[in-house]
Amino acid sequence: MLNLVLGTLAGCIIGCITGIVPGLHSNTAAGAAAALAVPLSFVFGVEGVCCMIVSLMVVHTFTDCIPSTFIGVPDPDTVLSVLPAHRMYLEGNGAAAVRISALGSLFGFVFCLPLFALFYFVLPQFQGEIDWAIGLIVLLAATLLIVFSRAPLWSLLLFLVSGGLGVFGMYFSYLSFGCFGMGEVLLPLLSGLFGIPVLLQSLKRPGTVVPQVFSGLGTKRGEILKSSLKGTFAGAVVGWLPGFSSGTANAVLAIRKHGIHFDEGRPHGYLLSTSAANTANAVLGIAALYAVGRMRSGSMAVLAEFNLPSLPLMLAAAGCAAAVGYFAVVLLSKTGTLAAKIPQKPLALAVLLLLTVLTAVLCGPFGIFLLVISTAAGLIPELTGISRLYCMGSIMIPVMLFTLGILTF
């Protein structure tokens, strides 16, 4: 029992670190855990290591809102929440933004538990039909997002350009080779498309951000429940269908007759939905692994390398991690006051340097090349006034081509 508690606690600490450090992801930490499987198993036992992997993954879905909000650097799972959260920070409401995100994640965990049983017992019976339809579902979602955009032609162009970058990066992923062996392509790809353009904008703001004042969440109980439930549903779709991000699924739900509306003037509901979807996606990925052996994330791929412990144990570790993650974000929300006192230009330059170094160390020269060309594509939304949402073609197009049997990566 002590090994299980220590493993869960270690995972929570690591998840906090990967969440608040720009450019790090829980998959990276899980990969390191796989490389150190023997000594970690000696310390925590196999079940303790599995608890560590699950808890770090869940805590990461809570704490990854910190760099997205206070710096503007996204995590691959929440790239579309960067702009509304960072905008609230620039307006002096950064603490409210991260607390809203944490609350959405907490409700996302609670609401996804009933869906867990559905995923585990029912959906495996229809897995063949689901696999056949994945590419078509992603294509339908992409078509809806483009047709209902403010500038369909520019949106289509950005979707195709980013999709081409995604195909290029994944097809030649074997060239991504860093100091620790094979690297990933999502770090340079999504940092260039979503993170670095925001940092470049910060270079134009040499002063400090307006003082941060927390005067409440600014949202009602009904909105919290409604938006979190909607986000959990989106996360359920993401948890079983590859190719969607939490933000993309929420974007589909935000389609209205006259376009896609995220309530940009008041983004509370969107932050709640995206955070709930992110956490629900991670937790329901456990169901996909146990039910049909599908690995929906790098963390689940690492977990699958071990002798899987009992499912209730994994859910217990996830529940403990959700509680720790929520209270960790509430405490870390106070760091926005410190970040606001730091001049934006030096901070942006420091994070740009950190992302570049991480890319070079983890992904090598190919990662740097991919980072540069994806950054060029990531400037298109600013120049054309369209949403950065369509950069998700970098994920959606490769998934469509793969599931339809057109390309093999």
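**Exercise 1. The chain as a whole**

What percentage of the 409 residues in the protein chain do buried residues make up?

*Solution.* The model is predicted, so local features require pLDDT of at least 70 and side-chain atom pairs pLDDT 80 or more, whereas totals for chains, interfaces and linings use all residues. Residues are numbered from 1 along each chain as its sequence is written, and side-chain values use heavy atoms, with hydrogens and water left out.

Step 1. A residue is buried at under 20% relative accessible area, exposed at over 50% and partly exposed in between (1.4 Å probe, protein chains only). Buried residues account for 55% of the 409 residues.

Step 2. The secondary structure comprises 18 helices and 4 strands; these are DSSP runs numbered from the N terminus, with at least four residues of H or I for a helix and at least two of E for a strand.

Step 3. A contact requires heavy atoms within 4.5 Å. Of the contacts in the protein chain with a separation of 6 or more, 84% join residues 24 or more positions apart.

**Exercise 2. Aromatic pairs around F168**

Determine which residues form one aromatic cluster with F168.

*Solution.* Step 1. Rings of Phe, Tyr and Trp (its six-membered ring) pair if their centres lie within 6.5 Å; planes under 30 degrees apart are stacked, over 60 edge-to-face, and the rest tilted. This rule gives 8 aromatic pairs. In the pair of F168 and F172, the ring centres are 5.3 Å apart and the planes stand at 50°, so the pair is tilted.

Step 1. F168 is partly exposed, at 27% relative accessible area, and F172 is also partly exposed, at 26%.

Step 2. F168 forms a tilted pair with F366 as well, at 5.7 Å centre to centre and 35° between the planes. Because F168 belongs to helix α8 (residues 152-171) and F366 to helix α16 (residues 344-378), this pair ties together parts that are 198 residues apart in sequence. F366 is buried, with a relative accessible area of 10%.

Step 3. The cluster consists of F168, Y171, F172, Y174, F366 and F369.

**Exercise 3. The packing of α8 against α18**

At roughly what angle do the axes of α8 and α18 cross?

*Solution.* Step 1. Two packed helices are described by the angle between their axes and the distance between the axes. Axes are lines fitted to C-alpha atoms, for helices over the stretch in contact, and angles run from 0 to 180 degrees between N-to-C directions.

Step 1. The axes of α8 and helix α18 (residues 393-403) come within 7 Å and cross at roughly 65°. The crossing is right-handed, meaning that the near helix is turned clockwise from the far one by less than a right angle, anticlockwise being left-handed.

Step 2. On the α8 side, F159, L160, S162, G163, G166, V167 and M170 take part; on the α18 side, G393, S394, I395, M396, I397, P398, M400 and L401 do. The contact holds 10 nonpolar, 5 polar and no charged residues, where Ala, Val, Leu, Ile, Met, Phe, Trp, Tyr, Cys and Pro are nonpolar, Asp, Glu, Lys and Arg charged, and the others, Gly among them, polar.

**Exercise 4. Helix α12 and two buried residues**

How many of the 25 residues of α12 are buried?

*Solution.* Step 1. Helix α12 (residues 268-292) reaches 35 Å from its first C-alpha to its last, close to the 36 Å expected; the expected span is 1.5 Å times one less than the number of residues.

Step 1. Because 23 of its 25 residues are buried, α12 is largely enclosed by the rest of the structure. Just after α12, G293 takes a positive phi of about 70°.

Step 2. S105, in helix α6 (residues 94-121), is buried at 1% relative accessible area. Leaving aside residues up to four places away in sequence, S105 touches T61, F62, S275, A276 and T279.

Step 3. T232, in helix α10 (residues 221-240), is likewise buried at 1%. Its contacts, again leaving aside residues up to four places away in sequence, include A276, A277 and A280 as well as F107 and G108.
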